[in-house]
Amino acid sequence: GQFVSARDEGRGVSRMSAAGRWDASMWAASIASVSPDAFAAREGQFVSAAERKRRQRDVQERRKERLRELVRCLLPDRRAREVFKEPSKSKRRTRICTMGLVEDTVRCVKHVQSTKPGETLFDYRAGLLSSTTMGTLQLQRKDLRVDESNLGMALFASFERLKGYRGQSLRIMTHAEDADALAAMVQTGQVGARATVRLLRLCSEQDTGFLLAKYVPIELAVTHVSRDNSAVLLTCLLSAHDTAPLTTSPEFFFQFFQNADAHSKGPTRVVSSEGVMETMQWLQQRMAVVEESTGSMVRQLWNASMGFADVMTHLLEDAVRMYNWVGRDSFGRPVFQMACCLQHEGLKSEWHHFSCQGTTGKPIDVPSVPGVRTTSIKALLLPVDSVKEGEPHRTASITMMLKGGLVESTNKFVYFDGHVKVLIQMLKEGGKATMRELYLVREGEREAKMENIMESCAHAGLDFFHLPFSAK
């Protein structure tokens with residue numbers, strides 16, 4: 001009828017039976033649950049320090065033996081013997097070569113990842129693709145076309161049609177002045193090569209529905225090159241500011257329209273036309289049927305140049321007139337419009353109203369080579385963060401020409417002080433690109449008839465884009 005203490009009961013020692021005898025099974029269980037040292041102490045025995053060290057060494061030897069068996073499964077017998085040094089005659093314990101074990105572990109993991117891709121590689125790839133703090137771009141070296149990008153780059157360039165630059169040439173999505181630096185870095189094919197370039201961000205503003213664009217400096221690094229040298233993996237660090245949506249403000253639009261009303265309306269003349277012949281040829285290859293009135297005038301200019309490109313350039317500078325108009329539609333949203341005409345030897349063609357585009361990111365069909373769909377998309381171009389305080393605001397936009405869904409050219413328009421700067425970037429065969437600058441200066445009086453037509457188109461919500469001097 002006696003009972004053991006609550007402490008002993010908690011250790012697994014059962015109560016005595018009514019007859020006062022220990023139950024054999026419960027006694028065995030109590031022995032198994034108590035450590036050797038504690039059980040010996042219970043019996044009044046003393047465990048010396050030497051005995052405790054001996055038991056600790058036995059535990060360590062058992063652990064080493066288990067580790068040795070694991071290493072033998074992963075490594076050849078010869079290498080396993082090098083990792084685990086055989087015990088000398090004077091020492092009983094086995095010694096582990098720690099650095100050798102670490103080196104072989106790393107080598108083994110690399111071997112498994114390269115020959116037996118499984119969950120480890122999948123998780124590693126999934127981690128890269130889902131990262132929002134490190135952007136990754138896998139692209140072809142020959143034409144800089146992006147094969148794959150991760151979530152971070154999709155947030156950086158979140159416009160649905162061009163999200164993460166997938167399928168696009170990274171060269172055409174880079175600022176024209178930085179495109180050569182990007183190409184040079186990729187062509188080195190060296191891991192660790194770096195270059196800071198301005199990439200074009202494209203985001204739709206949720207509150208207004210505007211398509212916003214902005215060039216943002218990003219440092220890209222080559223982190224991997226494929227075995228056949230055909231592809232590279234570029235990475236970059238992205239801050240929260242880089243992945244946050246682009247936004248505007250009432251102050252931005254106040255300055256935008258104030259500058260537009262002062263500097264973006266009226267006829268202009270080309271005063272600097274680097275590579276204008278190449279630009280005209282590029283356009284002509286994508287034209288539909290050229291209108292007879294302007295077509296005959298272009299032929300007259302060509303005949304007058306006698307086939308010399310520099311002479312043709314000067315003739316075009318004298319002959320081309322552009323009418324610019326940046327205003328508002330019926331909802332107060334910005335609309336960009338352009339018209340053009342030719343003047344030569346007393347002859348003047350009619351104004352060809354070829355462009356009327358909003359900035360909602362809506363693609364507009366452009367007449368082009370039959371069977372290939374060409375579209376135009378326009379976005380508001382936001383100023384860079386490095387603009388000095390007090391510097392005058394410049395109204396700007398960017399137009400992208402897409403052929404078969406791929407960006408083929410970008411045209412950047414900046415309106416300031418009665419001038420229009422046009423920066424044209426055209427993608428050519430083999431992934432190469434050319435950059436051309438045009439400067440237009442205000443010349444002549446504003447024409448009420450032309451502006452009435454443009455204002456009516458804007459309020460009617462019309463969207464169209466025709467290549468200059470092409471049939472509508």
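A residue is called buried here when its relative accessible area is under 20%, exposed when that area is over 50%, and partly exposed in between, with a 1.4 Å probe and protein chains only. By this criterion, buried residues make up 44% of the 472 residues in the protein. The structure is a predicted model, in which local features need pLDDT of at least 70 and side-chain atom pairs count only at pLDDT 80 or more, whereas totals for chains, interfaces and linings use all residues. Residues are numbered from 1 along each chain as its sequence is written, and side-chain values use heavy atoms, with hydrogens and water left out.

The protein has 15 helices and 19 strands, assigned as DSSP runs (helices H or I of at least four residues, strands E of at least two) and numbered from the N terminus. Where contact means heavy atoms within 4.5 Å, 58% of the contacts between residues at least 6 apart in sequence join residues at least 24 apart. The accessible surface, computed by the Shrake-Rupley method with a 1.4 Å probe, comes to about 26200 Å², of which 54% belongs to carbon and sulfur atoms.

Helix α9 (residues 179-188) has as its buried residues Ala 179, Leu 182, Ala 183, Met 185 and Val 186. These residues lie on the same side of α9, because they cover an arc of only 160° around the axis, the arc being that of the directions from the helix axis to the C-beta atoms. Their cover includes strands β3 (134-140), β5 (194-204), β6 (211-225), β7 (231-237) and β17 (419-427). Just after α9, Gly 189 adopts a positive phi of about 65°.

Side chains of opposite charge can pair when their charged atoms come close. The structure holds 18 salt bridges, each defined as a side-chain nitrogen of Lys or Arg within 4 Å of a carboxyl oxygen of Asp or Glu. One of them joins Arg 321 to Glu 443 at 3.4 Å, N to O. This pair links distant parts of the chain, 122 residues apart, with Arg 321 in strand β9 (residues 320-328) and Glu 443 in the loop between β18 (433-442) and α15 (448-459). Arg 321 is buried, at 13% relative accessible area, while Glu 443 is partly exposed at 33%.

Within helix α4 (residues 49-74), Asp 58 and Arg 54 are four residues apart and therefore separated by about one helical turn; their side chains meet in a salt bridge of 3.0 Å, N to O. Asp 58 is partly exposed, with a relative accessible area of 26%, and Arg 54 is likewise partly exposed, at 36%.
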